Structure formats: structure tokens, C-alpha cells
Amino acid sequence: MAAPREAPERRPFGRRFLTDPARLFQHNAWDNVEWSEEQEASARSKVQENSSQLLPHDKQEEYEVNAKRYWDDFYKIHENGFFKDRHWLFTEFPELAPNRNTSQNGDSVHEFSNKEESNNEGLGSCENGHCSLETRAENQLNLIKSTPKICREEMAAQKYSELNQSDGDYPGSSASYRILEVGCGAGNTVFPILQTNNDPGLFVYCCDFSTTAVDLVQNNAEYDSSRCFAFVHDLCNDQSPFPMPDESLDVVILIFVLSAILPEKMQCIVNRLSRLLKPGGMILLRDYGRYDLAQLRFKKGQCLSDNFYVRGDGTRVYFFTQDELDGLFTTAGLEKIQNLVDRRLQVNRGKQMTMYRVWIQCKYRKPAAPQL
């Protein structure tokens, strides 16, 4: 069943209203577009229709068991060409920038750049339910397939995990500010951080379920092992080691990652990630919201469970409400700093088609240790 409509938290920056038809094809996007009751009802109806026929249980198990293979295949096909650089990172998440503002009140004060946000953001970049958000990376990476290297990487993560328990020597142990991106893909968040943030105390960890994705990161010319450590990690396996100890991270980043995980496993994953945070550390999330274009485009037979779908390439995606995400994070003991919905109208000027996107952005903080 579709969730009832929520009253979204509103962003403070100015909205663009679509009042002049001539403007429709002069700009690519309008922020915080108001949805009418008719639009909401239409979206709800489409979701009810495309979720009326669920995949058989045995097929659902197959997608769960083979999830890693499907993501490996995705990166082998697309390398980093599908994704776009995330130029909006430091305005929406100033915690990642060199001059960090630790007194964030949860409101963004910057409007997304339409040029950056919407370049090539037509229906062609929303295939198979994959909808990209960022500007396309310019340099294609050469895919390096090296199974022995992958094995070494997994062994290295295990070795560092053991060191954590002994003498405290681990990658980034001497850093004063540590960031972990979970589900790093081809590095479209990691590399902008390394390029922009010149804080000498910064160390960035990044991991992905896909060994192919981690290979792409490690073989990028911008990869600097003195400032970054990329490793393969299965979030759904609570025995899979992290290379850093609990309460060592200042920031954990989840960008279009949690939605790819089986819903019943999400809480355990958020709990585990929250343990990695220092007191005062934050989880930053941006992900798909309920009734996003990608959800409405699914056909019958692609639904696994309520608001959870499988794409044509075998990867999966969930569409959240604000309340669902708030429940996950607060249950893990984190306090809300930001939880907002971004409803946006995007225009494919070439095809003269309009598209409605819905994303949710969150910041949740681990409470500071009580003073004795």
C-alpha cells in the first residue's frame, strides 16, 4: 500500500515556478515543485498498478543471492560513464569541505546548479530504473580485471581489522578527520572530496559491494593511498570487517546506496554504521523518495515487495519516505539534524518531455558523549 502523503520539510532557497510556457525549454530544472492532489493521486495509482504483481519468492531469493554479480556486471558495462561528478556535494554537505561548519542546523542555503544538475538528465539516463543525479565524468577509466588483486584487497581489510584489535595501527589512524563513503561506485564522491578538501588531517575510506567498482577507484589517476583507502565490503554481512575501529569516523556518506539493500536488512546496517561514528559524528544520506520518476516507470512484474523493485539488469532499488528513514536512524541512536524532501521538475528539452524527481536528503548525528 502506498504511504499517506507527508508534509515535507521545506528548503530555504528560492523556488522557480513554471508559469511561462516559453521558459519550459530555457531551463532544465525547477526546485521544490509543489505537487497537486491530482499528481499525487496519479503517482499513487501508478505505484499500486506496478506493484500489484510480485515476483515469485524463488526469483526474489535469486536476486538476493546474486546481488554482487549483478552490480559487478553493471560496473563492467558502464565503468564510470553512467555517473556524473557530484558538484553539489560541498554545498549540500559542507561537512565534507575544508572549512567545516559544525553548527549546521539542517537547512541548505544553496540552490543546486541547474546546469550541473540536469546536464544530459533526460530519459536516456533513467534506463532500467537507474537515474543519475550528477554531471557526467569526463575521463573514462580502463577496467582492470584482476581477481588476485581483489583477493589481496579482501585479505588486507581482514588484516587491518585484526590490527584494530591489537595495536591500533590501521589506514588513516593518524588522521584528525575521517570520512567513509559506503557504496563508492566508480569514485564520483571520493575524488571530488580528495580534489577539493586539502585538509592535511583528512583521510577518506571508500568501499563497495562490487569488486569491479573498487578496481575502478584504485586505478584512477586521482587515487592517493596516503589520503584514501578503497576496499571491498559486503554491508549485509555483519562478519565482513571494516579497516577502522568503532567510534573512529567523523562522517559516513550514503548516496543512493541504502535503497539498493533488502529492506529487512537496512536497520542492522544503519546500526553497524552508527557504531563507527565518533560521538558527534554524522551520517549524510541522499536517496530515492517515494513516487520518484524511477519508481513510476517500473512495469508490472518488477516489484519485489512494497516500494522495492528489481531493474532489468538485476540490481534493486527501494523508494523511501522521510518517516521510514527517520525510523532507521533514530532506532540506531542517532539524532536528526536534517530530513527533507526535494521534489523537482526536470525537462528533457530535446524530447520536450517533463519528469518529476523525488529525492530525500538526511543528516543524522551521533549524540556527544556525556560530560562527567
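Between which strand and which helix does the loop that holds Y291 lie? Y291 lies in the loop between strand 8 (277-288) and helix 10 (293-296), where helices (H or I, at least four residues) and strands (E, at least two) are DSSP runs, numbered from the N terminus. Welcome to a short tour of this predicted model, in which local features need pLDDT of at least 70, side-chain atom pairs count only at pLDDT 80 or more, and totals for chains, interfaces and linings use all residues. Residues are numbered from 1 along each chain as its sequence is written, and side-chain values use heavy atoms, with hydrogens and water left out.

**Overall picture**

- The protein has eleven helices and 13 strands.
- Of its 372 residues, 55% count as buried; buried means under 20% relative accessible area, exposed over 50%, and partly exposed in between (1.4 Å probe, protein chains only).
- Among contacts (heavy atoms within 4.5 Å) between residues at least 6 apart in sequence, 78% join residues at least 24 apart.

**Confidence**

- The mean pLDDT of the protein is 76, and 67% of its residues reach 70 or more; pLDDT is the predictor's confidence in each residue, from 0 to 100.
- Confidence is highest in helix 11 (residues 322-331), at a mean of 98, and lowest in strand 3 (residues 135-136), at 29.
- The pLDDT is below 50 over residues 1-27, a stretch with 66 contacts in the model beyond near neighbours in sequence.
- Residues 132-153 also have pLDDT below 50, and this stretch has 62 contacts beyond near neighbours in sequence.

- As background, nonpolar side chains tend to be buried together in soluble globular proteins.
- Not counting residues up to four places away in sequence, L180 touches several residues, including Y205, F231, M244, V252 and L276.
- Strand 4 (residues 177-182) is mostly covered, with six of its six residues buried.
- From strand 4, Y177, I179 and E181 point one way and R178, L180 and V182 the other way, and all are buried.
- Strand 4 pairs with strand 5 (residues 202-208) in the parallel sense over six bridges; two strands pair if DSSP finds at least two bridges between them.
- Within this pairing, V182 stands opposite C207 in strand 5.

- Strand 7 and strand 8 are paired in the parallel sense, over six bridges, and I255 stands opposite R286 in strand 8.
- Why is strand 8 largely enclosed by the rest of the structure? Nine of its twelve residues are buried, so the rest of the structure largely encloses strand 8.
- F256 is found in the loop between strand 7 (249-255) and helix 9 (266-276). Although F256 is not a glycine, its phi is positive, at about 55 degrees, and F256 counts as buried at 16% relative accessibility.
- Y291 is likewise not a glycine, yet has a positive phi of about 75 degrees. With 4% relative accessibility, Y291 counts as buried.

**Around I283**

- S274 lies in helix 9 and is buried, at 5% relative accessibility.
- Leaving aside neighbours within four places in sequence, S274 is in contact with I283, A332, L334 and K366.
- I337 belongs to strand 12 (residues 335-348) and is buried, with a relative accessible area of 13%.
- The C-alpha atoms of I337 and I283 are separated by 9.9 Å, while the two residues are 54 residues apart along the chain.

- Three strands form an open sheet in the order 9-10-11, with antiparallel pairing.
- Its edge strands are strand 9 (303-305) and strand 11 (316-318), each pairing on one side only.
- Three bridges join strand 10 (residues 308-310) to strand 11 in an antiparallel arrangement, and the bridge partner of F308 in strand 11 is Y318.
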